[in-house]
Amino acid sequence: MSAPESLRLPSSVTAAAFSYSGHLGVAGDDGTLRVYEAPYKKVWKAARNLGSEVSSLVFVEGGGKVDSVPVWLACGQNVLCFELGSASKMILVENDALTKIRITEEDDDVLNEIATNGSHLAYSLDSGVIGVIDLKSREKIVMKALHSNLCTNVSFIPDRPRELISGGYDFTLLHFDFPLGKFLSSLKFEGPSEPSAQVSLSPPFIQSLDISSNGLVACGLADGRIWLGSGGERIPIPSSERSTSASKKKRRKWDGLNPDAGNYTQIAEGPIIGIAFASGNRVFTLTLLGTLTMHKIENGRVSEKFWTSESPGLFKANSLAVNGTHIAVGGIDSEGKGVLLIWPSERLEGSLISPPPLDT
């Protein structure tokens, strides 16, 4: 297996994300953003002096504009939107933002993760609050339930335009009808029933979260386990049944947090800080110490490990980004500088492994 491409940055990489057009955005704890074009060797656009660490970033589609790459950033108590393109400056500053929205007035309350479904931006706060911003009207809606500890993750549910879930340090996933701010369901994780030498003593803090296009939920926990929930999975309908009236009815209730339709898999001894679905039946995981692994999913379970790699030069991992052609891992090295590692997907396809199924 050949080594990934490696970029060294002045400060720790705190977040990374791919745009719809294939750009790679990389944020830092020094209040900076760097955006790369493939093959991701040189900076295309950048932003600096943003006032706070950038904890999360998401790209949205350009809304029909040619050469438009809008990006939203979570910085301290604010979210900022920059529109990148050939007409924009090479290096932007906070005052160049098209939009700046103050999310909280509490100086000790900061943003963690943001997410978008194209029309709305969801956010999570240290205080446990979850909220959504309508990107057209800029109206802000705060959910009527909150986490009792840090809210670390938030994700919209594909094909459920009114629904999202959030996760936090209270070991709990919350499910909402966000236009109403209405709580719908929840799931609280418990520690392993049979602790062993391979199981971390960490509580099951929620460290990472993703939902596949067909409704599978994957959650990475601080104790090294993955929780995979298939209660909301959309099963393909055979062509012979598609004409029946029953098959045309959309499931009214999303049951993705049903504990009876989920299972745990121990994959590491420490926190799973990144998790992301790939095409087909695969999911990537990233540990705090930089172990990147691609797993196969079968029958609603993580069944085997296709491929794995350590992250050379990385002391602590902070971010994972995956698109159809590349995988990016960001973090910090032993000297406190930033590290960005990039694997082209075809390199993984040529190095797949098939060890025995993982213990569950």
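Let's start with a pair of strands: E19 and E20 (residues 217-221) run antiparallel and are joined by 5 bridges. Strands here are DSSP runs of E, at least two residues long, numbered from the N terminus, and two of them count as paired if DSSP finds at least two bridges between them. Within this pair, isoleucine 206 sits opposite leucine 221 of E20.

This is a predicted model, where local features need pLDDT of at least 70, side-chain atom pairs count only at pLDDT 80 or more, and totals for chains, interfaces and linings use all residues. Residues are numbered from 1 along each chain as its sequence is written, and side-chain values use heavy atoms, leaving out hydrogens and water.

Now the whole sheet: it is open, with 4 antiparallel strands in the order E19-E20-E21-E22. Strand E19 (206-211) and strand E22 (262-266) are at the edges with a single partner strand each, so one side of each has no neighbour in the sheet.

## Two nonpolar cores

A nonpolar core is a set of buried (under 20% relative accessible area, 1.4 Å probe, protein chains only) Ala, Val, Leu, Ile, Met, Phe, Trp, Tyr and Cys residues joined through side-chain atoms within 4.5 Å. The largest one has 20 residues, and Leu50, Leu57, Val71, Leu73, Phe82 and Leu84 have the most contacts inside it. Which strand gives the most to this core? That's E7, with 4 residues.

Apart from this core lies another, of 16 residues, including Leu292, Trp307, Leu320 and Ile327.

Notes
Buried means under 20% relative accessible area, exposed over 50%, partly exposed in between (1.4 Å probe, protein chains only).
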